[in-house]
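Keep the sequence and the 3D view open while you read.

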Amino acid sequence: MIELFFPKKHSALCLNSAFFGFFAHTGFVRGLQEIGFQPSVITGSSAGALIGALFASGADMKEVQMMILGLKKSDFWEGNSFTQIGRLIKKGFKGYSGILTGKSTRKLLYPYLGTKNFSDLPIRLGIAVSNLTKAKRQLVVEGNVLDAVMASIAFPFLYEVQNVKGDEFLDGGIGDGEPIKELILDPSIDRIIIHQINNNKPLGSSVIKRALDSSFQIIDSENEELKTLLAEARGKKLVRLVTNTPFLSPGDFSQGKFALAEGLGTAYKNKDQILGQFVLPGFPF
């Protein structure tokens, strides 16, 4: 009866995009489960979309952690230098868009997500993608989950442009590394836990690469500030938590276990904030 007068509010979780950030996101989600945090809705972009989808699907995150920690380059890398050159020649420069087709990655994730639609998930899920055909950022909330994940993790030049139902997609982090706009506008959500990853990416050796990296950071920073202002205007609480990790690359996951441990630690160190708990100050009597 009380909810007729005071509608129940819910907490949401957003997992940001980060280059090979799925190690830290996995640790953070494991930590959330262990401290007893259950979001009513999850959004994610790129690596965050991958782990967010697994979490929302009800997958055993202990099993996911074992899979992530056991990853080898050969599990998702396709062919060798000769086959890559052969594919480039076959497709031609106009048709070639990335080193990996995504087939091996799809095969790796299929047992967890392959047959699931968004409507099947026990936790509501939104996945940020960059729709090249429509030239816009989208938050996918229906259809096949694995298709949406593959579209969101398609890092430019590493993965081919992904084609889903006639539209072309690339990494969700291009258009929105922190997909919280819909969460802010959702009247049922009052708190949004956001997990960000600082992967300590080395500075580029060339001026052009450094300029591009800085440009993306400036855009992300401006978008984050605008979202913060929108959240304040809507009376929403944003809890941004940052995990610092070693830099990971496709050829070296040796630091992955440390990144996962750091993500786990972020959840535990910020337990009170995440759960919305606070301690009343003591007053002497």
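**Exercise 1. Find which residues S40 is in contact with, beyond its neighbours in sequence, and describe its surroundings.**

Step 1. Leaving aside neighbours within four places in sequence, S40 is in contact with H10, S11, I123, R124 and I189; contact means heavy atoms within 4.5 Å.

Step 2. Before going on, a word about what you are looking at: this is a predicted model, in which local features need pLDDT of at least 70 and side-chain atom pairs count only at pLDDT 80 or more, while totals for chains, interfaces and linings use all residues. Residues are numbered from 1 along each chain as its sequence is written, and side-chain values use heavy atoms, with hydrogens and water left out.

Step 3. Now place S40: it sits in the loop between α2 (22-35) and β2 (41-45). Helices (H or I, at least four residues) and strands (E, at least two) are DSSP runs, numbered from the N terminus.

Step 4. S40 counts as partly exposed because its relative accessibility is 23%. The cut-offs are under 20% relative accessible area for buried, over 50% for exposed, and partly exposed in between (1.4 Å probe, protein chains only).

Step 5. Finally, compare sequence with space: S40 and P122 are 82 residues apart in sequence, and their C-alpha atoms are 9.3 Å apart.

**Exercise 2. Decide whether T243 is buried or exposed, and find its polar partner.**

Step 1. Start with the strand: T243 belongs to β10, residues 237-244.

Step 2. The relative accessibility of T243 is 1%, so this residue counts as buried.

Step 3. Look at what surrounds it. Not counting residues up to four places away in sequence, T243 touches A24, H195, Q196, I197, N198, E262, G263 and T266.

Step 4. With T266 there is also a polar contact of 2.6 Å between the side chains. Such a contact is a pair of N or O atoms within 3.5 Å; within protein, one must be able to donate a hydrogen and the other to accept it, and residues adjacent in sequence count only if both atoms are side-chain atoms.

**Exercise 3. Work out how many residues of helix α3 are buried.**

Step 1. Helix α3 covers residues 47-56.

Step 2. Go along the helix: A47, G48, A49, L50, I51, G52, A53, L54, F55 and A56 are buried.

Step 3. Just after α3 comes G58, with a positive phi of about 85 degrees.

**Exercise 4. Step back and describe the whole protein.**

Step 1. The protein has 13 helices and 10 strands.

Step 2. It has 285 residues, of which 46% count as buried.

Step 3. Among contacts between residues at least 6 apart in sequence, 76% join residues at least 24 apart.
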